[in-house]
Amino acid sequence: MVCIRKATMDDLLAMQACNLLCLPENYQMKYYLYHILSWPQFLYVAEDYNGRIVGYVLAKMDEESNECHGHITSLAVLRTHRKLGLATKLMNAAQAAMEQVFEAEYVSLHVRKSNRAAFNLYTQTLGYKIHDVEAKYYADGEDAYDMRKQLKAKPSHQHGHHHHHHGGECCSGEGRNTQVTQTRGDSKTESKASMKLESKAV
Amino acid sequence: MGASLPPKEANLFKLIVKSYETKQYKKGLKAADQILKKFPDHGETLSMKGLTLNCMDRKPEAYELVRLGLKNDLKSHVCWHVYGLLYRSDREYREAIKCYRNALRIDPDNIEILRDLSLLQAQMRDLTGFVETRQQLLTLKPNHRMNWIGFAVAHHLNSNVAKAVEILEAYEGTLEDDYPPDNERCEHGEMLLYKISLLEEYGFLERALEELHKKEPKIVDKLTYKEQEVSLLVKLGRLEEGSNLYKALLIMNPDNYRYYEGLQKCFVLYSENGKYSSDETDQLDALYKSLAKEYTWSSAVKRIPLDFLQGDKFREAAVNYIKPLLTKGVPSLFSDLSPLYDHPGKADVIEQLVLELEHSIRNNGRYPDRTEKEPPSTFLWILFFLAQHYDRRGQYDVALSKIDEAIQHTPTVIDLYSVKSRILKHAGDFSAAASLADEARCMDLADRYINSECVKRMLQADQVALAEKTATLFTKDGDQHNNLHDMQCMWYELASGESHFRQGDLGRALKKFLAVEKHYADITEDQFDFHSYCLRKMTLRAYVEMLKFQDRLHSHVYFHKAAAGAIRCYLKLYDSPLNSLTEEEDNTSKTPSQKKKMKKQRKADRAKKEAEEKSEESSASGNSKFGKRHIKPVDPDPYGEKLLKTEDPLSEATKYLKLLQKHSADSLETHLLSFEVNMRKQKILLAFQAVKQLLRLDAENPDSHRCLIKFFHKVDSMPVPVTDAEKLVWSVLEAERPFISQLQDKTLSEANKVFLVKHEDSLMHRVAVAEMLHVLDPTKKPEAVKLIEDSSNKVVPKNGALGPVMGWKLKDCIAVHKLLDKVLTDQDAALRWKVRCAEYFPYTTYFEGSHSSALQNSSNNLDGETTVNGDASHPGISGSESLATANGKLEAFKNLTI
């Protein structure tokens, strides 16, 4: 029915359009570019049989914190394409990449308190737990749940004996605090994840 | 820097530079003024002061000071560098490059300037320059990883793949065996994957595979590793290994259709056009049956066979596929199957089998041959499916009866209203479609998707103000009322622009179209920061892909629509300049009461506009009271009135036309617009180029025919050439004309007739011929009208794919009506046409069809607000579009889909 695959450059405009159709938290194209040029492994799209992008996940590594962890920036599935488990598939793909490539210890996300459908997906299907509540996180004043899911911390590959997260460096060489992260989009909305799907099923 | 200054001032100068880098501009400014008090002519200080002011939005002063500084110290690389930075900040990259080059002439080994120059060269795709600069940087600082990588990427971009590989291997040679340290493993792995992709690109497949295997432990991204490996294996013809690897990939992700495609290729069972011999079909069938056992949870293994199976096997597979999805209530089932409607016969099979399911459930509550009952929702989803099916077939009455039954069955399912709205849109009742979409929206106000859908319908119904009000329910961002533009919401801007255009508000239409154009310019600009970022982050494959993506960015459909829309606005502006346009009234098709209503509406609009302006002023001042830093500059021209005052609309149009010609050269529309623009500019040879392009792309297209005839008709009526230039044009056309097969040994009238004979059964071809008949000889108007009216709306089998549908399309019939009304100006014929089309399209408001909301507002359960708006849509649709009609290019403004 729907193809789940890594996003390419050519998908970005469609991802942005999908985001603008579904979610109140939006981003300029540069922020999408920033994601795909930093963590190309984390962007996945759901493409329907007509070649239309009907869902996506946009994710990143959080480089400002000491613990090496991933963060879901945004997840959306068109209302017309719910009940196919697309959100779950997209999330699983992104999480697997975080774990495999960057050895992320956990993955975090924000969700509107009122978004029960999304909350249920995160807690019941995907195994997220509430870590914290961020008051007035969203532009309209709504609170967000700060949610986390523990990933299996795998032993380091090739040299099995040492762990690789020295000094909180998250596999990032010089990638931190670059021009790009400073100039991207609107700082107020830049890292807000939210999603909308599976409203009351019949 | 600051060398000629005494120590105290030299320190102050350093402070300016530091303040600039840390964005403490006030501090920098103070320091600069301190120096200038003593040394008012100090060039570098003047320059730096200018650069600082540039960051404080004092641009004119900035340029003045930077230029003065340079004049005072032409030998300073700082002054040149600053001048370059200033140009760079204004996106004047070519000028900036010149400045950097001057700076380097004075200080050839200045790494900072070289680096800045290399970024500009990458941005401007000055690839030979980029290679040179990166080489210099590597020579100066060979111990920097980034300089090796940058040099390699430069060669790659400059199409010297072999050299790029060589550089990367030389770089690897500088590394210790135990490289990389743990915190650089990802980057190093990316570099290796980049190198291997280069080897693949260059055709060194064996070597690429060998290298991949050798470096496996150092490649962190295992999924990409496997994808790269399988790609190489297949290219090397090692298909068995390839198929095994694809199967392994499918275990990781059984929903990736590209893996199935790859697997088919490994079994030599793949065809681009999806056509297979019966033998191949059997093999494919067997393949997917075995895959279905392995990947039981994958829907792909069940869906893909529907593409290649035929006859009874197709029917069986389709039933098995559809039934559980109806039971589950998957709303996207129809859209999932819709590509099959292009396969001959499959739509009929689907219709038949879903009708059987409907019948069985309706009577027994269960599927045929089953004992267990289906839940009540199954019946609902069957009706939902059938409604979309009949909609697709153009049988709107059946579609509506199905969806109405579904709504009656379960009135709380929002999707039903969305689909009903879409059917009404297709049937031509935009205002009823909008009010239904609004009903759906109100059922879940927290869902932006149904809000967006509703906004789209409102714009199609030309309810622009209401649409904006509705959209902004989701676009408040802090104190900002509407961030649609900031967030680059292009579908909205395009749909809004098109609605304004239909309603004759060229200013606002232009405003929206140019806004979209600006987004694309901004996206092009966005890449700038990544030239250095990606070299550090080492995401080189993604970076190169991004550059290629940027190079074709302007061929994206949104840009195309925006540019075409803007060009159309400028053409219209040229044809009917500002003053006459606003007062232009188009009364022909309106009753006095409608006119009165319009007048009232306009008055209300004006009042509203004034009120809006006032409230904008007050909110702007409100902002400054709170001292917000983020006050956006107030748009000095919110309604595009200044845009309309352009001196030369055609040269504005040409700007966008050039972009279309460069990026959408294979689009018919590009050359139609080029024809229109260049005919008006009297650029005969350019118009001729457009005609030739049209003939190349589709000589049988009615619009191509129009342009061909119009062009030579114009040429034939030109006076005998006098000047040398005119004679030259003449001789080119003389030489070219015999090569146009349509015109060989024929007069234009004869060519017109030949075209008619060839396409006698097509409405739009007949209409084009009729229009040209009139152009060539205005006295033949009655003949032209008769030619149109003699067309017959036959049932076309359409390859049997869609089943019987009437041949004429609604938008074509509307275009024909406008032609009769405005171009051939035969009101009686237009009326006859309208009556006739009202029969064919009973839901269409434009023709006031018997089922349309135009005639039965009350019975169609519209609330008061939308009724008013519904009416407003009418003048919009029938508004003056003589230009578009004359050129038969309504095509471009057909429904906007995302």
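Author: Two helix pairs of chain B follow. The model is predicted, so local features need pLDDT of at least 70 and side-chain atom pairs pLDDT 80 or more, while totals for chains, interfaces and linings use all residues. Residues are numbered from 1 along each chain as its sequence is written, chains are lettered from A and ligands numbered from 1 in the order written, and side-chain values use heavy atoms, without hydrogens and water.

Reader: What describes two packed helices?

Author: The angle between their axes and the distance between the axes. Axes are lines fitted to C-alpha atoms, for helices over the stretch in contact, and angles run from 0 to 180 degrees between N-to-C directions. Helices are DSSP runs (H or I, at least four residues), numbered from the N terminus. In chain B, α38 (residues 684-698) and α40 (residues 724-736) pack at about 20°, with axes 10 Å apart. That makes α38(B) roughly parallel to α40(B) (angles under 35 degrees; over 145 is roughly antiparallel, 65 to 115 roughly perpendicular, the rest oblique).

Reader: Which residues of α38(B) and α40(B) meet?

Author: B:Ile684, B:Leu685, B:Phe688 and B:Lys692 of α38(B) meet B:Val729, B:Val732, B:Leu733 and B:Glu736 of α40(B), contact being heavy atoms within 4.5 Å.

Reader: At what angle do α22(B) and α23(B) pack?

Author: Helix α22 (residues 376-392) and helix α23 (residues 396-409) of chain B pack at about 160°, their axes 8 Å apart. α22(B) and α23(B) are therefore roughly antiparallel. Their contact includes B:Phe379 and B:Leu383 of α22(B) and B:Ala399 and B:Ile403 of α23(B).
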